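Dear colleague,

I am handing over the structure that follows, and I would be glad if you could look through it alongside the notes below.

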Amino acid sequence: EAFVVPNTTTPTNQAIIGQSTGIPNVSYRLWCTTVGNGELAFWGTTTGSSFDWSAQAVSSGITWVIGQEYHVAADKDSSGKVRVYRDGVMVGSATPTNSALFDANAVLSIGMGGLADRSWNGWLKEVRVTKGVARYASDSGFTPPTAAFPRW
């Protein structure tokens with residue numbers, strides 16, 4: 001999850017956070033797709049190839065305002081359901097047959113998706129990755145954080 005501030009109303013093909021061992025071997029990506037104005041999506045692969053996105057949770061019809069701060073998040077619960085949220089509202093979900101998406105050997109990328117042309121055009125603030133807990137796991141949404149994430 002992160003707070004993001006776009007510099008464009010169409011942040012298409014722009015990664016917020018992801019993990020990969022290099023193109024085409026992407027484990028997962030929270031990003032804005034090439035569809036519409038940049039639909040918010042969580043894509044993951046269970047085969048190790050970015051050409052086989054086995055898990056896709058994609059929004060539909062969202063818009064972006066230049067300079068506006070948004071809280072974006074994705075999670076996966078114990079049933080394997082993957083959700084994406086913007087400002088606490090679930091904007092997309094999917095339940096893939098295999099949701100074992102994470103590769104411990106993959107490199108974490110923040111604001112970039114493995115290629116420079118997929119870099120986030122804007123600001124990223126307060127990025128947080130939580131392993132082992134579906135922090136939100138709610139179809140009805142949640143109240144986004146209003147302060148900086150706690151430090152340990």
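The notes below cover the fold, the salt bridges and the aromatic rings.

This is a predicted model, in which local features need pLDDT of at least 70 and side-chain atom pairs count only at pLDDT 80 or more, while totals for chains, interfaces and linings use all residues. Residues are numbered from 1 along each chain as its sequence is written, and side-chain values use heavy atoms, with hydrogens and water left out.

The chain has zero helices and ten strands, where helices (H or I, at least four residues) and strands (E, at least two) are DSSP runs numbered from the N terminus. Of its 152 residues, 46% count as buried, a term that stands for under 20% relative accessible area, with exposed meaning over 50% and partly exposed in between (1.4 Å probe, protein chains only). Among the contacts (heavy atoms within 4.5 Å) with a separation of 6 or more, 59% come from residues 24 or more positions apart. The accessible surface of the chain, computed by the Shrake-Rupley method with a 1.4 Å probe, comes to about 7600 Å², and 52% of this belongs to carbon and sulfur atoms.

Turning to charges, the structure holds seven salt bridges, each defined as a side-chain nitrogen of Lys or Arg within 4 Å of a carboxyl oxygen of Asp or Glu. One of them joins the side chains of R128 and E1 at 3.0 Å, N to O; because R128 lies in the segment after β10 (122-125) and E1 in the segment before β1 (2-6), this pair ties together parts that are 127 residues apart in sequence. R128 is buried, with a relative accessible area of 17%, and E1 is likewise buried, at 10%. A further salt bridge is formed by E69 and K125, at 2.5 Å, N to O, and it links distant parts of the chain, with E69 in the loop between β5 (55-58) and β6 (70-76) and K125 in strand β10, 56 residues apart. Here E69 counts as partly exposed at 36% relative accessibility, and K125 counts as partly exposed at 38%. D77 and R83 also meet in a salt bridge (3.1 Å, N to O), and both residues are buried. Shared partners join D75, D77, K81, R83 and D139 into one network of salt bridges.

The structure also holds seven aromatic pairs, counted when rings of Phe, Tyr and Trp (its six-membered ring) have centres within 6.5 Å, with planes under 30 degrees apart called stacked, over 60 edge-to-face and the rest tilted. Among them, W31 and W43 form an edge-to-face pair, 5.0 Å centre to centre with 75 degrees between the planes; W31 is in strand β3 (residues 25-32) and W43 in strand β4 (residues 40-44), twelve residues apart. Both W31 and W43 are buried. The rings of W64 and W120 have centres 6.2 Å apart and planes at 65 degrees, so this pair is edge-to-face. W64 is buried, with a relative accessible area of 3%, and W120 counts as buried at 8%. Together with Y70, W64 and W120 form one aromatic cluster.

Finally, the charged end of R86 sits over the ring of W64, 4.8 Å from its centre, which requires CZ of Arg, or NZ of Lys, within 6 Å of the ring centre and within 35 degrees of the ring normal. The charged end of R128 sits over the ring of F149, 4.0 Å from its centre.
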